[in-house]
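Here is a friendly note for anyone opening this structure for the first time.

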Amino acid sequence: MSPTRTVQLQANGVDYAAETETRTTLADFLRRQCGLTGTHLGCEHGVCGTCTVLVDGAAVRSCLMLAVQAGGCEVATIEGLVDASDPGNPVLGPIQQAFADAMSFQCGFCTPGIVMSTVAWLAQRPADAEEPSDAEIREFLSGTLCRCTGYTSIVEGIRLAAQRSSGGP
């Protein structure tokens, strides 16, 4: 049996503390101990990007990070982007809404990781940056894998999210 340790972190503004094996990945901790199942596991080798979450604002592959490494950190998952102040009528975050408006998904399995990567990418872009080109968006997307689409709708969703985050239509 692997040694255990108590991991304390904040996920989507909620404090969590749980005893877990030291070899537990952040992805498994979020899913099992925190009940945040929106973080999906794809390849479990850090290649596909499906498990991407934000740790202290930086996009990380949660399948490659141990839960103990995230101790004391603020973690953001796809669930944290939804405004759930009215439980009967949750409202998508602006990037999620842009993806929905552009139909930027097919099966949706990779979508949480791509959305969280997009959140981090758009946050690091200068506020006065020009709209990203298709080439720039595709370069950014090169770190993620989607097996269902041809990426065209995903590029459109990211472009729409970028427009909206800069005050565009």
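The points below go through the helices, then some loops, then the cysteines.

1. A word on the model and its numbering. This is a predicted model, in which local features need pLDDT of at least 70 and side-chain atom pairs count only at pLDDT 80 or more, while totals for chains, interfaces and linings use all residues. Residues are numbered from 1 along each chain as its sequence is written, and side-chain values use heavy atoms, with hydrogens and water left out.

2. Please start with helix H2 and helix H3. Helices here are DSSP runs of H or I with at least four residues, strands are runs of E with at least two, and both are numbered from the N terminus. H2 covers residues 94–101, and its axis comes within 10 Å of the axis of H3, crossing at roughly 125 degrees. That angle makes H2 oblique to H3. For reference, angles under 35 degrees count as roughly parallel, over 145 as roughly antiparallel, 65 to 115 as roughly perpendicular, and the rest as oblique. Axes are lines fitted to C-alpha atoms, for helices over the stretch in contact, and the angles run from 0 to 180 degrees between N-to-C directions.

3. The handedness and the residues of this pair come next. H2 passes H3 in a right-handed crossing; a crossing gets that name if the near helix is turned clockwise from the far one by less than a right angle, and is left-handed if anticlockwise. On the H2 side, Ile-95, Gln-96 and Phe-99 take part, meeting Thr-111, Ile-114, Val-115, Thr-118, Val-119 and Leu-122 of H3. Contact here means heavy atoms within 4.5 Å.

4. Now follow H2 across to helix H5. The two axes come within 8 Å and cross at roughly 135 degrees, which makes H2 oblique to H5. This crossing is right-handed. H2 brings Ile-95, Gln-97, Ala-98, Phe-99 and Asp-101 to the meeting, and H5 brings Ile-154, Gly-157, Ile-158, Leu-160, Ala-161 and Arg-164.

5. H3 and H5 also pack against each other, at an angle of about 40 degrees and with their axes 11 Å apart. Their crossing is right-handed. Look for Ile-114, Thr-118, Trp-121 and Leu-122 in H3, which meet Ile-154, Ile-158, Ala-161, Ala-162 and Ser-165 in H5.

6. Ser-153 has 17% relative accessibility and so counts as buried. Buried means under 20% relative accessible area, exposed means over 50%, and partly exposed lies in between, using a 1.4 Å probe and protein chains only. Apart from neighbours within four places in sequence, Ser-153 touches Ala-102, Met-103, Ser-104 and Phe-105.

7. Which residues of helix H4 are buried? In H4, residues 134–141, they are Ile-137, Phe-140 and Leu-141. Seen down the axis of H4, these fall within an arc of 100 degrees, so they line one face of the helix; the arc is that of the directions from the helix axis to the C-beta atoms. The buried residues of H4 pack against H3 (111–124) and H5 (152–165). Ala-135 and Glu-139 are exposed, on the face turned away from the buried side.

8. Between H3 and H4 there is a loop that holds Ala-129, a residue that counts as partly exposed at 26% relative accessibility. Ala-129 and Ala-162 are 33 residues apart in sequence, with their C-alpha atoms 9.6 Å apart in space.

9. Most residues other than glycine have a negative phi. Asn-12, in the loop between strand S1 (4–11) and strand S2 (14–21), has a positive phi near 55 degrees. Asn-12 is partly exposed, with a relative accessible area of 27%. Asp-56 sits in the loop between strand S3 (52–55) and strand S4 (58–61), and its phi is positive too, about 50 degrees. At 53% relative accessibility, Asp-56 counts as exposed.

10. Finally, the cysteines. How many disulfides are there? The count is 0, where a disulfide is a pair of cysteine sulfur atoms within 2.5 Å. The cysteine sulfur closest to that of Cys-43 belongs to Cys-48 and is 3.8 Å away, too far for a bond. Cys-43 is partly exposed at 24% relative accessibility, whereas Cys-48 is buried at 8%.
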